Amino acid sequence: MTKVFETISERKHEQVVYCNDPSSGLKAIIAIHSTALGPALGGCRMYPYKNEEDALVDVLRLSRGMTYKASIANLNLGGGKAVIIADPEKDKSEVLLRSFGKFVDSLNGKYITAEDVGMSVHDMEYIRMETKHVTGIKRAMGGSGDPSILTALGLYIGMQAALKKKLNILNIKGLKVGIQGLGKVGYYLCNHLKDGGAEIYGYDVDKDKLNRATEDFGLIPVSNDELLSMDLDIFSPCALGAIVNPNSIKTLKCSIIAGAANNQLEKETRDSKLLLKKGIMYVPDYVINSGGLMNVANELQGYNQEKARYQVEGIYHILMRIFDYAIANDISTLKAANHLAERRISEFVKWNHKWMK
Ligand code: NAD
């Protein structure tokens with residue numbers, strides 16, 4: 001028991017809820033990292049964790065990440081996340097999802113759930129039957145639909161900010177961009193890059209996804225090794241985490257890394273330093289991929305796509321501020337983003353405290 005409390009205290013979480021319902025088979029953990037800026041919003045992941053400890057560590061790490069993402073995105077939201085310990089292929093059922101919805105509802109809006117790995121928009125509809133504290137519902141049901149569209153737009157806008165800062169280039173025309181992962185975000189990104197006149201290179205383990213992007217956008221298919229070692233203006237990881245590590249940094253020949261994948265750096269401090277030394281600009285993943293969060297957050301006030309797009313366009317200015325702060329303080333862009341996210345929270349807490357007196 002003591003170990004669980006120690007683990008929770010390490011990352012300063014406000015509350016961790018264990019959800020156990022033998023009648024539906026639900027075993028889940030909801031972690032609320034911070035509600036300083038507002039209700040804790042974050043997706044629910046369904047995964048067959050080896051043991052409960054792994055599930056706890058994952059939900060604590062992910063929920064803390066959401067606090068930073070919401071803060072830097074200027075949203076009035078805190079950070080939370082949930083994990084259901086189950087195999088989405090075998091264990092998913094209406095009662096299991098509705099049971100999870102009941103636990104979410106019991107928190108009275110302190111935690112708001114959404115889709116994540118192993119969950120779908122359709123699953124959110126079952127959760128919605130038990131609680132209104134859920135986002136990522138279909139457009140037809142009054143929700144915000146697929147977040148990947150605005151995640152890709154934010155990614156494209158973030159690339160423009162990085163090009164301006166790093167290379168003083170205002171136009172992506174003729175520049176070489178290499179994309180790893182041509183799933184939902186990678187595909188929509190190709191669309192923007194084609195419109196902007198970029199030369200697009202890409203790789204996906206799934207041949208169909210690769211062929212689709214080749215046919216639709218004239219992408220030039222390459223192998224993964226080629227992608228990691230070719231001359232590129234921008235390398236865009238849109239598949240996996242931990243892809244930026246000492247091995248790949250050795251071979252990378254790009255000016256900028258700007259992708260949607262979460263946790264791209266294998267070890268934040270070590271790899272940020274290696275990139276700085278090599279002169280490669282790293283655009284912090286949780287900032288450049290925050291378009292999806294902005295999109296679902298909009299649902300809370302009644303979804304308005306125009307407003308969501310306007311917010312996503314603001315990623316340009318958020319990144320410029322981070323780049324300037326990093327240069328002024330001689331720190332990595334990731335550290336700069338973390339500092340600014342923490343500063344917004346602490347300034348808000350101080351200000352709010354004054355008004356509560
Ligand atoms: P997706 O599952 O639709 O696409 C991922 C693609 O990566 C798939 O086509 C898959 O075949 C490919 N892939 C897997 N392993 C690979 C490998 N070793 N090499 C090359 N390709 C590989 O996911 P997505 O929604 O497009 O998201 C992409 C990334 O961005 C994920 O890491 C996700 O967590 C992150 N992200 C997505 C969103 C969003 O709105 N979808 C928001 C924030 C972050």
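Tutor: We will go through the domains, their interface, the ligand site and the salt bridges. Keep in mind that this is a predicted model.

Student: How is the protein chain divided into domains?

Tutor: Start with the bounds. Domain 1 covers 2–134, and domain 2 covers 148–342. Then look at the spacing. Taken over C-alpha atoms, the centres of domain 1 and domain 2 are 27 Å apart.

Student: How many residues of each domain are in contact with the other?

Tutor: Contact here means heavy atoms within 4.5 Å. On that basis, 14 residues of domain 1 touch 20 residues of domain 2.

Student: What area is buried between domain 1 and domain 2, and what share do carbon and sulfur atoms give?

Tutor: Buried area is summed over both parts. For domain 1 and domain 2 the figure is about 1400 Å², with 73% from carbon and sulfur atoms. In domain 1, the residues that lose the most area to domain 2 are Tyr 68, Lys 69 and Ile 72. Together they make up 48% of what that side buries.

Student: How many salt bridges and polar contacts link the two domains?

Tutor: Count each kind separately. There are 0 salt bridges between domain 1 and domain 2. Polar contacts across this interface come to 3 residue pairs, with both residues at pLDDT 80 or more.

Student: Which element gives the largest share of the domain 1 side?

Tutor: Helix α2 (residues 52–72) does, with 7 residues. By class, the domain 1 side that touches domain 2 holds 10 nonpolar, 2 polar and 2 charged residues.

Student: Which residues are closest to the ligand?

Tutor: Begin with the surroundings, then go to atoms. The ligand is surrounded by 21 residues, the closest being Thr 151, Lys 184, Val 185, Asp 204 and Ala 239. A polar backbone atom of Val 185 is 2.8 Å from a ligand oxygen atom. Ser 148 places a polar side-chain atom 3.2 Å from a ligand nitrogen atom. For Gly 183, a backbone N or O atom lies 3.4 Å from a ligand oxygen atom.

Student: How many salt bridges does the whole structure have?

Tutor: The search finds 15. One of them pairs Asp 58 with Arg 45, their closest N and O atoms being 3.7 Å apart. Asp 58 sits in helix α2 and Arg 45 in strand β4 (residues 44–47), 13 residues apart.

Key. Residues are numbered from 1 along each chain as its sequence is written. This is a predicted model: local features need pLDDT of at least 70, side-chain atom pairs count only at pLDDT 80 or more; totals for chains, interfaces and linings use all residues. Side-chain values use heavy atoms; hydrogens and water are left out. Domain bounds come from an automatic or database domain assignment. Buried area is the accessible area (1.4 Å probe) that two parts lose on being put together, summed over both. A salt bridge is a side-chain nitrogen of Lys or Arg within 4 Å of a carboxyl oxygen of Asp or Glu. A polar contact is a pair of N or O atoms within 3.5 Å; within protein, one must be able to donate a hydrogen and the other to accept it, and residues adjacent in sequence count only if both atoms are side-chain atoms. Helices (H or I, at least four residues) and strands (E, at least two) are DSSP runs, numbered from the N terminus. Ala, Val, Leu, Ile, Met, Phe, Trp, Tyr, Cys and Pro count as nonpolar, Asp, Glu, Lys and Arg as charged, and the others, Gly among them, as polar. A residue is near a molecule or strand if one of its heavy atoms lies within 4 Å of it.
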